[in-house]
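Here is a friendly walk through a helical pairing and the surroundings of its partners. Have the model open as you read, and follow along residue by residue.

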Amino acid sequence: MWTLANPTRFLGLAERVIPWLAVLTFLTLGVGLYLALFVAPPDYQQGETVRIMFVHVPAAWLAMFGYTLIAIASIGSLIWRHPLADVAAKTAAPIGATFTFLALVTGSLWGKPMWGTYWVWDARLTSMLVLFLLYLGLIALWQSIEEPGRAGRAAAILALVGFVNVPIIKFSVDWWNTLHQPASILRTGGPTIDPSLLTPLFVMAVGFTLLFVLLHLIAMRAEILRRRVHALRQVHVERAAAA
Amino acid sequence: MPDLGPHAAFIWAAYTVTFVAVAGLVGLIVQDDRRQRQLLADLERQGITRRSAKPAAKPKPVEKKTRARKAKP
């Protein structure tokens with residue numbers, strides 16, 4: 001693990017893994033979409049709108065996964081000051097923000113026909129909106145401080161403080177009386193969903209996760225290269241000034 | 001494609017938003033990756049390399065193999 005934490009070794013690994021991962025992601029999402037749109041039966045209560053769940057639920061999972069990843073990387077950034085941890089945290093934020101946005105929008109599009117409203121200020125929906133705002137805050141913080149080390153440390157502190165929101169999202173449906181239904185997959189006692197709907201959901205969740213990892217690897221590679229370009233330009237300016 | 005019923009517009013909207021957002025994210029990330037690779041390649045072409053980077057391979061001078069002669073007693 002520590003050997004991979006070397007940026008040059010990471011770039012070599014990413015170069016080899018990215019093409020295979022891209023193919024695997026494409027195939028998994030293709031199969032997932034086929035199952036979600038053509039094979040999965042309508043739900044006995046939700047009818048055809050259950051198909052929105054196949055994009056909404058994986059997006060919501062990855063919204064929380066992305067923030068957890070940022071929090072773990074932030075610990076690495078603060079304790080070991082490792083540049084790769086910093087890069088991992090910074091590049092996960094826009095991807096996590098996109099999935100959070102998708103969870104909110106697709107949830108609203110499901111809510112209108114099922115609940116009769118696009119939005120309610122219940123604990124689950126509000127804590128997801130807070131997560132989205134946290135992502136935007138992190139992105140803004142990284143953009144506003146030029147020196148990557150300082151930006152990384154400030155963002156790491158914000159990310160760790162904001163991590164308290166992740167268990168609130170997960171357990172909000174148990175702690176408070178919410179319009180959003182309680183957990184039906186990741187719960188003690190097993191999933192309450194029929195396998196005919198659980199299988200497409202599982203395949204889509206795997207496809208979305210592969211997509212997240214793929215995009216994160218590419219974004220991390222781009223960020224490492226950006227820092228190298230920045231460093232080389234500085235060296236060039238210093239050499240020119242010394243000459 | 002099954003008949004999506006009276007709420008088809010909501011289902012299509014959810015999938016369309018997802019597709020557009022994911023496609024946009026993929027496009028931005030891939031474009032940024034290509035741009036950074038290009039910038040780095042341009043700098044290296046100008047001879048601006050990292051201090052730790054290995055210098056371009058130079059032809060090694062041919063060394064003649066010579067045997068050390070034993071000194072005569």
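α3(A) and α1(B) are roughly antiparallel to each other, because their axes cross at roughly 170° and angles over 145 degrees count as roughly antiparallel. These axes come within 9 Å; axes are lines fitted to C-alpha atoms, for helices over the stretch in contact, and angles run from 0 to 180 degrees between N-to-C directions. On the α3(A) side, the contact is made by A:Ile95, A:Thr98, A:Phe101, A:Leu102, A:Val105, A:Thr106, A:Leu109, A:Lys112 and A:Pro113. From α1(B) come B:Phe10, B:Ala13, B:Ala14, B:Val17, B:Thr18, B:Ala21 and B:Leu25. Two residues are in contact if their C-beta atoms, placed from the backbone, lie within 7 Å. By class, the residues of this helix pair divide into 12 nonpolar, three polar and one charged. Here Ala, Val, Leu, Ile, Met, Phe, Trp, Tyr, Cys and Pro count as nonpolar, Asp, Glu, Lys and Arg as charged, and the others, Gly among them, as polar.

A word on the model: it is predicted, with local features needing pLDDT of at least 70 and side-chain atom pairs counting only at pLDDT 80 or more, while totals for chains, interfaces and linings use all residues. Residues are numbered from 1 along each chain as its sequence is written, and chains are lettered from A and ligands numbered from 1 in the order in which they are written.

Taken as a whole, the contact between the chains uses 25 residues from chain B and 29 residues from chain A. The chain B side of it has 17 nonpolar, four polar and four charged residues.

The two chains can be set side by side. Helices (H or I, at least four residues) and strands (E, at least two) are DSSP runs, numbered from the N terminus. A residue is buried if 20 or more other C-beta atoms lie within 10 Å of its own, exposed if 12 or fewer, and partly exposed in between.

| Chain | Secondary structure | Residues | Buried |
|---|---|---|---|
| Chain A | seven helices, zero strands | 243 residues | 38% |
| Chain B | one helix, zero strands | 73 residues | 11% |

What covers the buried residues of α1(B)? The cover includes α2, α3 and α7 (195-242) of chain A. Those buried residues are B:Phe10, B:Ile11, B:Ala14, B:Thr18, B:Leu25, B:Ile29 and B:Asp33. The helix itself runs over residues 8-45, and its end C-alpha atoms are 55 Å apart, which agrees with the 56 Å that its 38 residues should span. That expected span is 1.5 Å times one less than the number of residues. After α1(B) comes B:Gly47, with a positive phi near 85°.

Within chain A, α5 (residues 148-162) has its buried residues at A:Gly152, A:Ala155, A:Ala156, A:Ala159 and A:Gly162. They lie on the same side of α5(A), because they cover an arc of only 130° around the axis, taken from the directions from the helix axis to the C-beta atoms. On the other side, A:Arg150 and A:Val161 are exposed. Among the elements covering the buried residues are α2 (50-79), α3 (83-115), α4 (123-144) and α6 (165-175) of chain A.

Finally, look at A:Leu62 in helix α2 of chain A. A:Leu62 is buried, with 24 other C-beta atoms within 10 Å. Leaving aside neighbours within four places in sequence, A:Leu62 is in contact with A:Phe99, A:Phe208, A:Thr209 and A:Phe212.

Methods: Parallel < 35°, antiparallel > 145°, perpendicular 65-115°, else oblique.
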